[in-house]
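Dear colleague,

I am handing over the structure below, and my notes on it follow. Please read them with the model open beside you.

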Amino acid sequence: MTHGSECLLRLYEERLELEDYQNGVPRWCNGCGDNAILAAVQRLCRDEGLRPEKTVFVSGIGCSSRFPHYMNTYGFHGIHGRALPIAQGVCLTRPDLKVFVNTGDGDCCSIGAGHWVHAVRYNMNIKLFLHDNQIYGLTKKQASPTSPAGTRSNTTPRGSYLEALNPLTVTLGVQNVSFVAQAADWIPELLYDIVKAAYRHKGFSFVRIIQRCPEFMPNQFDPWMHDPQRTMLLRHAQGITPSEGLARVYRNVREHDPSDLERARAVASCIDPVPVGILYRNEEVPCYEDLRRSTKMRTAAYVKAGLEAEFDKFTIWPEEARTPAAA
Amino acid sequence: MNDTLLLQPETTAASTSKTVTALDEHIVEVLSDSGEGAQRCGQSLGAISARMGNGVWTVEIIPAEIQPPARSVEGASGNRVRIGACGITNGGDESDLAIAFNEQVLLGRLRAGEFKPGATILLESMWRGHSDPKIAASYLQTHQELVKAGYRVYEIPMERECLKLVQDARKGKNMFALGMLCSIYSRDMALAREQIALTFGKKNRSVIEANVKLLDAGFRWAEANLDFKYRIPAARPSVPQIVVNGNTAIALGVLASGMEVCAMYPITPATSASHYLSEVFEKVGGVVHQAEDEIAACAFAIGASYAGRCALTITSGPGFSLKQEGIGLAVMGEIPLVVVNVQRGGPSTGQPTKAEQGDLLSAMFGSHGDAPKVVMAPCSIEDCFYSIITARKIAETFNMVVVVLSDAALATSQQPFPRPQFSETWIAPPPDQGEIPPGARPYDWDEVTGLARRFVPGQPHGMHTLTGLAHDRSSHVAYDPQINQEAIRARSLKLAALAKTLKAPPLYGDPEGDLLVIGWGSTKGAIEEAVGALREQGHKVASMHLRFLQPLPPGIKEAMRRFRQVMTVEGNWCDDPADEIIDENNRRYSALAMLLRARYLVDVDCWSEVKGQPIKPGAIRRALIEKLKASRDPKDAMP
């Protein structure tokens with residue numbers, strides 16, 4: 001680090017290590033999928049050389065939303081459901097910052113669902129990781145919108161009543177969608193590749209990460225973990241190309257062109273086998289901040305000029321000072 | 001613009017020799033169906049009068065619906081203009097004169113008691129001979145009632161006269177009416193023509209010429225046909241003045257404050273501030289973000305503030321309720337934030353277009369837990385402008401939420417004020433991006449003031465996670481009882497620190513005496529007018545107007561001690577002690593009265609009105625007289 005220098009310019013390259021992004025010992029349960037997501041994201045930060053002071057992780061409320069506390073970057077652990085609009089405020093005003101959002105299935109798909117839909121439409125350069133464990137964890141086991149029908153929980157002791165909401169199809173149904181991917185916490189190599197692709201996409205990257213909750217949903221994903229055939233790897237030259245090792249285990253591979261929205265919607269509808277990879281990517285969708293952000297330097301003189309011009313519109317001049325045009 | 005020729009009077013009006021009555025002030029209403037331009041007529045009269053140097057206060061009369069049915073009571077749209085020889089600080093009492101484009105738009109105002117006994121009414125006469133017998137009958141009936149009730153009614157063939165000049169009298173009658181008013185009030189016609197050129201400046205010359213012709217026609221018609229004429233003396237202003245309504249003043253304040261993000265969601269009556277801001281903010285590099293909902297608007301502003309520069313969100317009652325959780329987050333995280341609440345009638349959807357001061361307590365205590373925030377209330381149109389600049393400054397100096405409580409009365413009223421002189425100190429310096437010194441923590445609360453240095457993303461070595469959870473000085477989540485106690489103390493102390501910088505509010509009226517009236521927000525002008533009137537009658541009274549409600553400024557208790565009685569005048573509910581089941585044990589006091597009683601242990605009484613209208617000085621005067629009378633009864637006097 002450049003500590004001690006009077007100059008803010010960095011005069012030499014420095015390489016940050018994983019430890020430079022780590023902060024404290026995560027307090028998630030043993031076996032919680034959040035740990036895998038944290039590891040993938042810290043690795044991403046290192047590999048992409050993100051400056052810790054120029055990186056902001058914004059979250060809402062829930063187990064997943066503890067995420068920023070474990071990053072040695074700036075973090076904003078806000079209120080339930082509202083991570084996205086907070087992140088958007090940061091993103092609009094600070095093009096120099098990298099903005100991430102960590103959210104859960106309750107935070108994003110229930111209390112924050114309105115913001116989620118609109119975030120897709122704004123398409124701001126924010127990377128969203130939806131930690132989807134299909135259950136409310138922090139409040140101790142209540143059914144979430146993504147809980148499969150029949151899920152027994154403290155609020156649905158006889159099984160949940162409704163079909164699960166599919167975050168992928170919802171996102172892919174919104175105008176201006178520009179990046180949708182799905183990962184699973186138990187395939188870390190793919191998780192990393194997907195997180196990296198999401199980071200490199202300019203626009204709103206929506207990554208649903210299927211995440212195990214050993215405490216409240218033990219064995220929920222066992223059928224998929226134990227049978228690689230039930231994972232559909234999405235492969236494409238423009239998307240992800242799994243390594244040889246991975247391809248030996250996961251043989252159910254589907255060629256999927258991420259520019260094909262119709263196909264993406266069809267793939268997204270598939271619950272079993274579960275698709276993993278990049279479903280959709282479109283670099284052409286404009287970002288809201290690019291449409292709105294001013295490129296002018298807001299000096300006092302600049303503000304004054306604008307203000308005086310407005311005052312002129314509403315000014316009543318005394319007789320002797322009347323403007324020539326009106327005289 | 002080369003309008004020299006156009007702006008010369010066409011002919012010198014052949015004025016019949018009428019007696020011109022000199023007036024101190026008059027209140028005029030222009031009423032029409034929505035879309036017939038009564039608003040523009042009234043506003044133009046206000047602007048012309050202000051330019052002549054009269055005191056002016058204009059208020060919009062707005063129907064709640066976008067396209068209310070024509071000729072309907074609830075569809076009345078227009079403007080109310082109070083013109084005075086001296087400075088005018090409020091909308092005043094009942095109206096002296098009205099021009100109505102049909103009798104229906106008059107009825108609602110009449111039933112609401114908005115006209116003085118014997119007021120002059122100029123009524124469009126085209127309905128008398130209308131082909132629909134129902135309409136003609138309705139007109140005749142209303143006309144007879146008005147005459148019977150003692151109003152001075154003049155039937156004016158506005159339609160007929162306008163059709164001599166234009167194809168569609170609906171477009172242009174307002175300018176004919178303006179011409180009539182210019183004659184009635186002896187307005188400067190050169191200024192009037194100029195005003196039309198300014199108003200229609202964006203349109204082409206033929207539009208301006210057509211409107212000037214109508215104006216002149218109305219003027220000539222009134223000169224020739226009306227048997228009365230007034231003069232309201234004016235002193236030409238010596239300094240440039242700004243004429244805007246309260247919401248535009250707020251938006252101009254946003255420009256001047258150097259804030260660069262306003263996040264909002266459409267809501268009445270706050271939205272017009274954002275409309276204007278949307279038009280101009282980008283010219284100074286700002287952004288109006290229309291969020292998907294009120295909560296998102298608040299959260300967006302919080303995110304923008306957290307990232308560097310204080311942002312604001314503008315809303316009205318229901319939206320303010322929705323923002324409360326976000327406001328609590330900003331309090332907890334010590335993120336500067338300006339929240340403007342243009343209050344309207346409540347609760348729930350209430351009266352969206354009407355004035356009320358019902359949100360004081362929710363502004364102070366709205367979020368759950370102990371969430372100290374600053375609450376200010378502008379008391380005039382001018383103050384709407386400066387309050388925003390002050391609010392931004394306080395927000396960033398103390399890392400606090402500042403709530404600015406305007407209301408529908410200020411939002412739609414216009415009053416000229418001296419053109420502000422720009423100062424660089426209004427604008428915040430760019431966010432600090434320097435290195436955080438070793439060992440510094442994001443919440444290093446000062447032992448005395450509770451203040452801590454603000455860390456902004458981008459600052460090297462300042463990395464931490466801001467959290468809405470209870471946290472220690474390092475922003476680490478803390479469940480430790482001592483840490484929570486310390487943190488709440490620090491956030492609370494900031495209010496006391498701000499209070500130390502405030503000045504005692506000045507007294508208007510007697511320095512000591514029988515009754516002190518305390519008010520806040522939009523009622524200042526009306527209260528002072530009532531107090532002034534009582535003092536002229538020899539009463540020993542004064543008023544004090546609070547611009548800071550939280551923290552309260554110093555000097556209030558001392559001022560209260562110098563008066564035998566203290567009462568607040570407010571636009572929010574208080575129970576009437578005369579009601580059968582109301583007594584001292586269950587009476588609900590008005591918001592400010594409750595606060596003053598709790599803080600100063602003084603028996604503060606209150607008088608309030610929640611009729612959705614700006615409180616009239618006459619109503620306040622009567623309430624004060626009642627209070628003074630009652631206090632002569634020794635059993636009611638304070639010990």
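Leaving aside its neighbours within four places in sequence, which residues is A:Leu44 in contact with? They are A:Phe100, A:Tyr192, A:Val195, A:Lys196 and A:Tyr199, where contact means heavy atoms within 4.5 Å.

Before going further, a word on the source: this is a predicted model, in which local features need pLDDT of at least 70 and side-chain atom pairs count only at pLDDT 80 or more, while totals for chains, interfaces and linings use all residues. Residues are numbered from 1 along each chain as its sequence is written, chains are lettered from A and ligands numbered from 1 in the order in which they are written, and side-chain values use heavy atoms, with hydrogens and water left out.

A:Leu44 belongs to helix 1 (residues 33-48) of chain A; helices (H or I, at least four residues) and strands (E, at least two) are DSSP runs, numbered from the N terminus. A:Leu44 is buried, with a relative accessible area of 0%; buried means under 20% relative accessible area, exposed over 50%, and partly exposed in between, with a 1.4 Å probe and protein chains only. Although A:Leu44 and A:Tyr192 are 148 residues apart along the chain, their C-alpha atoms are separated by 7.3 Å. The ring of A:Tyr192 also has the charged end of A:Arg43 over it, 3.5 Å from the ring centre (for this, NZ of Lys or CZ of Arg must be within 6 Å of the ring centre and within 35 degrees of the ring normal).

For chain A as a whole, the secondary structure comes to 11 helices and 12 strands, and buried residues make up 54% of its 327 residues.

Turning to aromatic residues, a search of the whole structure finds 20 aromatic pairs over all chains; rings of Phe, Tyr and Trp (its six-membered ring) pair if their centres lie within 6.5 Å, and planes under 30 degrees apart count as stacked, over 60 as edge-to-face and the rest as tilted. The rings of B:Tyr185 and B:Tyr230 have centres 5.7 Å apart and planes at 35 degrees, so this pair is tilted. Because B:Tyr185 lies in the loop between helix 5 (173-184) and helix 6 (189-199) of chain B, and B:Tyr230 in strand 8 (residues 229-231) of chain B, the pair ties together parts that are 45 residues apart in sequence. Both B:Tyr185 and B:Tyr230 are buried. In chain A, ring pairs link A:Trp28, A:Phe57, A:Phe67, A:Tyr70, A:Phe100, A:Phe129 and A:Tyr199 into a cluster.
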